[in-house]
Amino acid sequence: MISDQTKINGFILSSISLGFNTFACLISCAVSLIILYHLYYNHVKREDKITVVLCSHIYLTLLINGIIFISMNIRSILGDLYNQSFDSSWCILSGYLSLVLVGMLSWNFLNQAFYRLIRIVYFQNRRFQSLKLYLVLPVIEIIITTSIFLCVLLPLNGVTYSPNDYFCCATFTNIPGMLSLSFVAYICPLCCILFIYMHITRFIHQQGNIPTLIIKQRQSRDLLIMRRILIIVSLLLLLGMPALILVTMFIITGEKNPLLIRISYFSASISQIGLSVALVFCIPQLKNIILNLQKTTTVTVINRAVRGTVQAKTIVGTQ
């Protein structure tokens, strides 16, 4: 039996998560539209297109996942207020879809890390610097990830309706399912990301003996970006760390925290909003196209104002 204080705490967590997810969705939607605008009108430099496309994959994943999180938050709040059940086939489907998107978020960051590895370390290999490759790669990954999740989680009944949280999600007490999910969606891509950036950092330091101004400038820029990316990786770690800690405590003690699911999704909401904001400031190509949009808007407004003033003077002169 859940105490009244626990229900209040759960309601507060869901309400705050709803605000975070809504804000993250607005940012992701705005940035996605800006990226599409620049790509459609070919305002992005040729050498920056792959980076911008990879960012668009991340923001699209954040947007769709944020919408699903919002629906979960709303169901939790309505369930807390009116004790309404939302158990349905759509609920189960949204639970699986959320897991796939969380996994794809990690794999999208791995794609970004892989491209940086090719661009910095193996820059002579042109086959892995094709825009078509990075357009097709997420599609292949989502097919593979979905197939693995369905093959592993369906027999284990990995996604079920939580009557205390009023939405469907991964069964945290299903240890085999959680271990499989954690490995595919979280541990494997994150370990690969950390390994890639360690390799890039080692390569940059080894190249430090070459006394070329252009190389040194490029190295300092790459190191600056690497430091910023560490912030993004930290936010990505936040996405699944609370759930892993709580599940580990459950394995050791055998006692399940009644707010385990809501705490896990609350940390995921913080990670969502953090990633949506941090990417804009940590990826120079993305930051530049947003600043260019602001400059273009300002110039357009000024030109319209000047044109209107000239027309007004012309009308007055003719009179």
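Helix H1 (4–40) gives the largest share, six residues, of the lining of the second largest pocket; helices are DSSP runs of H or I of at least four residues, numbered from the N terminus. This is a predicted model, in which local features need pLDDT of at least 70 and side-chain atom pairs count only at pLDDT 80 or more, while totals for chains, interfaces and linings use all residues. Residues are numbered from 1 along each chain as its sequence is written, and side-chain values use heavy atoms, with hydrogens and water left out.

**Second largest pocket**
- A pocket is an open set of points on a 1 Å grid over the protein atoms alone, with protein on both sides within 12 Å along at least five of seven lines, and lining residues have an atom within 4 Å of a point.
- Of the 19 residues that line the second largest pocket, Lys7, Asp80, Asn164, Tyr166 and Arg262 lie nearest its centre.

**Second largest cavity**
- A cavity is a set of grid points where a 1.4 Å probe fits but cannot get out.
- The lining of the second largest cavity includes Leu13, Asn73, Arg262 and Phe266, and H1, H2 and helix H7 (260–282) each supply at least two of its residues.

**Helix H3**
- The 32 residues of helix H3 (residues 89–120) should span 46 Å at 1.5 Å a residue, and the end C-alpha atoms are 47 Å apart, which agrees; the expected span is 1.5 Å times one less than the number of residues.
- Because 24 of its 32 residues are buried, H3 is largely enclosed by the rest of the structure, where buried means under 20% relative accessible area with a 1.4 Å probe, protein chains only.

Note on methods: Buried means under 20% relative accessible area, exposed over 50%, partly exposed in between (1.4 Å probe, protein chains only).
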